[in-house]
Amino acid sequence: MTDEEMQRKMEFIVEHQARLVVNQEKAEERQGKAEERIALLEKAQIRTENRMAELAEAQTRMQRSQEHMNEVVAVMAEAGARTDERLNIFIGVLERYISERRNGKSE
């Protein structure tokens with residue numbers, strides 16, 4: 001092998017090595033950016049999980065409130081029914097009283 005051939009092979013190896021170093025640096029830079037994005041995604045995932053837990057708690061509180069309101073409405077409906085019964089009795093008594101006064105049975 002001549003000196004010139006040896007020189008060309010060495011230049012080729014040096015150029016090839018330089019390209020490999022540049023490619024390695026680019027790969028490391030991409031890897032660093034990917035790790036940053038992964039860290040951001042992990043933080044976002046944690047925030048999402050926290051929000052989901054908060055929503056589950058809120059839903060549980062809302063369900064308890066709804067159950068309480070159902071109980072209150074049932075009690076009020078029962079009280080309303082009793083009031084209706086009493087009003088009907090009162091109206092009946094009042095109607096009899098008015099009817100009797102019209103028929104001349106005043107006291």
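Leu 87 is a residue of helix α1; helices (H or I, at least four residues) and strands (E, at least two) are DSSP runs, numbered from the N terminus. At a relative accessibility of 45%, Leu 87 counts as partly exposed. On this scale, buried means under 20% relative accessible area, exposed means over 50%, and partly exposed lies in between (1.4 Å probe, protein chains only).

Together with Phe 90, Ile 91, Leu 94, Tyr 97 and Ile 98, Leu 87 makes a nonpolar surface patch of about 550 Å². Patches are made of residues with over 30% relative accessible area and no salt bridge, with like charges joined within 9 Å and nonpolar side chains (Val, Leu, Ile, Met, Phe, Trp, Tyr) joined within 5 Å. Accessible areas come from the Shrake-Rupley method with a 1.4 Å probe; for residues, only the protein chains shown count as cover.

## Basis of the model

This is a predicted model, in which local features need pLDDT of at least 70 and side-chain atom pairs count only at pLDDT 80 or more, while totals for chains, interfaces and linings use all residues. Residues are numbered from 1 along each chain as its sequence is written, and side-chain values use heavy atoms, with hydrogens and water left out.

## Overall form

The protein has one helix and zero strands. Its radius of gyration is 45 Å, well over the 13 Å that the globule rule gives for 107 residues, so the protein is more spread out than a compact globule. The radius of gyration is taken over C-alpha atoms, and the globule rule is 2.2 Å times the number of residues to the power 0.38. Taken along the principal axes, the C-alpha atoms fill a box of roughly 145 × 20 × 15 Å.

Two pairs of residues give distances within the model. Ala 27 and Glu 85 are 58 residues apart along the chain, and their C-alpha atoms are separated by 85 Å. Arg 102 and Arg 64 are 38 residues apart along the chain, with 56 Å between their C-alpha atoms.

## Surface and exposure

Of the 107 residues of the protein, 1% count as buried. The accessible surface comes to about 10400 Å², and 56% of this surface belongs to carbon and sulfur atoms.

Ala 27 has its place in helix α1 and is partly exposed at 30% relative accessibility. Arg 102 is also placed in helix α1, and its relative accessibility of 72% makes it exposed.

## Charges and salt bridges

The protein has 18 positive and 22 negative charges, whose mean positions are 9 Å apart. Lys and Arg count as positive and Asp and Glu as negative, whereas His and the chain ends are not counted. The place of a charge is taken as NZ of Lys, CZ of Arg, CG of Asp or CD of Glu. Side chains of opposite charge can pair when their charged atoms come close. A search of the whole structure finds four salt bridges, a salt bridge being a side-chain nitrogen of Lys or Arg within 4 Å of a carboxyl oxygen of Asp or Glu.

One of these joins the side chains of Glu 4 and Arg 8, with an N to O distance of 3.6 Å. Both residues lie in helix α1 (residues 3-102), four residues apart, or about one turn of the helix. Glu 4 is exposed at 56% relative accessible area, and Arg 8 is partly exposed at 48%. Another links Arg 51 and Glu 54, with 3.6 Å from N to O; these two residues are three residues apart in helix α1, about one turn. Arg 51 is partly exposed at 47%, as is Glu 54 at 43%. Arg 82 forms a salt bridge with Glu 78, the closest N and O atoms being 3.0 Å apart. Arg 82 and Glu 78 are four residues apart in helix α1, so about one helical turn separates them. Arg 82 is partly exposed, at 44% relative accessibility.
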